[in-house]
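This briefing is for a reader new to the structure. It goes through loops, a sheet and a pair of helices in turn.

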Amino acid sequence: MVQQQALRDFAQAMAAFFDPENPAGRPSWRKAGRHEGFRIVGRGRQWDVRRVSRHVGQVWVPKAGWLRFRWSRAVPPGAKSYRVTMDRAGRWHIAFAVIPEPVPAPGNGQAVGIDRGVAVSAALSTGELLHAPGLTVRERRRMRRLERKLARGKRGSNRRARVRLAIARLRARETDRRKDWAEKTSTDIARRFDLIRAEDLQITNMTRSAKGTRGDPGRNVRQKAGLNRGILRSGWGLLVRRLEDKAPGRVEKINPAFTSQRCSACGQVDRDSRESQAVFRCTACGYACHADVNAAINIAAGHAVTARGGDGVTRPVNREPQLLLQSA
């Protein structure tokens, strides 16, 4: 069964590669330590998965028998397959293929805007500032020490392999915290608001390396690399993707142009109004608030500057606020 599923995955990857409308690239060779695992397709037997105690369950794996796993949540009855994987930290996981039900809308007609940043992972138009958790100061200090030790290690040695495993465990801890934050935050937002608006950011292009080529080397490469790491640690894409999964049809993406330079009170667009990363003070009306919250309010209203005047003065395009109509 495992070999059949591997052949099906390969056939699907090749079909996507030859499809002219699909941007998928050529399937690459398997690399040790990456995507280690296999998929088992059940036959509708109820005894494939069973619960042993409050926190322990068992799953039937062909040729291996019953294997124990931590029962973190109830397995839905519609699960027909599961996948067993091992991450780079040496941990084994089991995931059951089930599409969960979307989070129901509260029906209050409220809309929220989400501004994503590095210093503040997500700022809501309600004034809330959300921060994605990461490694503690002690863990970051240990990470730097392990990375220096890894750079001095001899390739292929057992000591270097142990250091790599320790680094992978720290990375996995950081990833788990970010995923847990994104799941809880997206569920809370989907339950509180009917309409969710976020910036339409091209994260892949924003986190592209700036080192350039040998003939045309880039500038401020180390600073850009640090910014890329900060963007990826903030979980921008993960948060919006989980919102789209939990609130389908209720997530809108807004053009991010000039949302951080527009005053949410009077509509004046001036880059000098952004005094610092956290302070926004309008040069026209004097309105002041947190810069990320001001941008989130503009995103919630659906405002975006789409044109400039011929004299070089930026003129905002005012849009009528969109009202959510509720059926009686």
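K63 lies in the loop between β3 (56–61) and β4 (65–70); helices (H or I, at least four residues) and strands (E, at least two) are DSSP runs, numbered from the N terminus. This is a predicted model, in which local features need pLDDT of at least 70 and side-chain atom pairs count only at pLDDT 80 or more, while totals for chains, interfaces and linings use all residues. Residues are numbered from 1 along each chain as its sequence is written, and side-chain values use heavy atoms, with hydrogens and water left out.

**Loop residues**

- K63 has a positive phi of about 70° although it is not a glycine.
- At 88% relative accessibility, K63 counts as exposed (buried means under 20% relative accessible area, exposed over 50%, partly exposed in between, with a 1.4 Å probe and protein chains only).
- N220 sits in the loop between α4 (203–206) and α5 (221–233).
- N220, not a glycine either, has a positive phi of about 55°, and with a relative accessible area of 56% N220 is exposed.

**The sheet**

- An open sheet of 5 strands runs in the order β9-β8-β7-β10-β11, with mixed pairing (two strands pair if DSSP finds at least two bridges between them).
- β9 (129–130) and β11 (251–254) are at the edges, each with a single partner strand, so one side of each has no neighbour in the sheet.
- Strand β7 (residues 111–116) pairs with β10 in the parallel sense over 4 bridges, and V112 has I196 in β10 as its bridge partner.
- Helix α7 (residues 291–301) lies across β7, β8 (122–124), β9, β10 and β11, at about 135° to β7 (axes are lines fitted to C-alpha atoms, for helices over the stretch in contact, and angles run from 0 to 180 degrees between N-to-C directions).

**Residue A198**

- A198 belongs to strand β10 (residues 195–199) and is buried, with a relative accessible area of 1%.
- Not counting residues up to four places away in sequence, A198 touches I114, R116, V240, E252, K253, I254 and I299 (contact means heavy atoms within 4.5 Å).

**Helices α3 and α6**

- The axes of α3 (residues 158–192) and α6 (residues 236–246) come within 9 Å and cross at roughly 45°.
- α3 and α6 are therefore oblique to each other (angles under 35 degrees count as roughly parallel, over 145 as roughly antiparallel, 65 to 115 as roughly perpendicular and the rest as oblique).
- Residues making the contact include W181 and I189 of α3 and L239 and L243 of α6.
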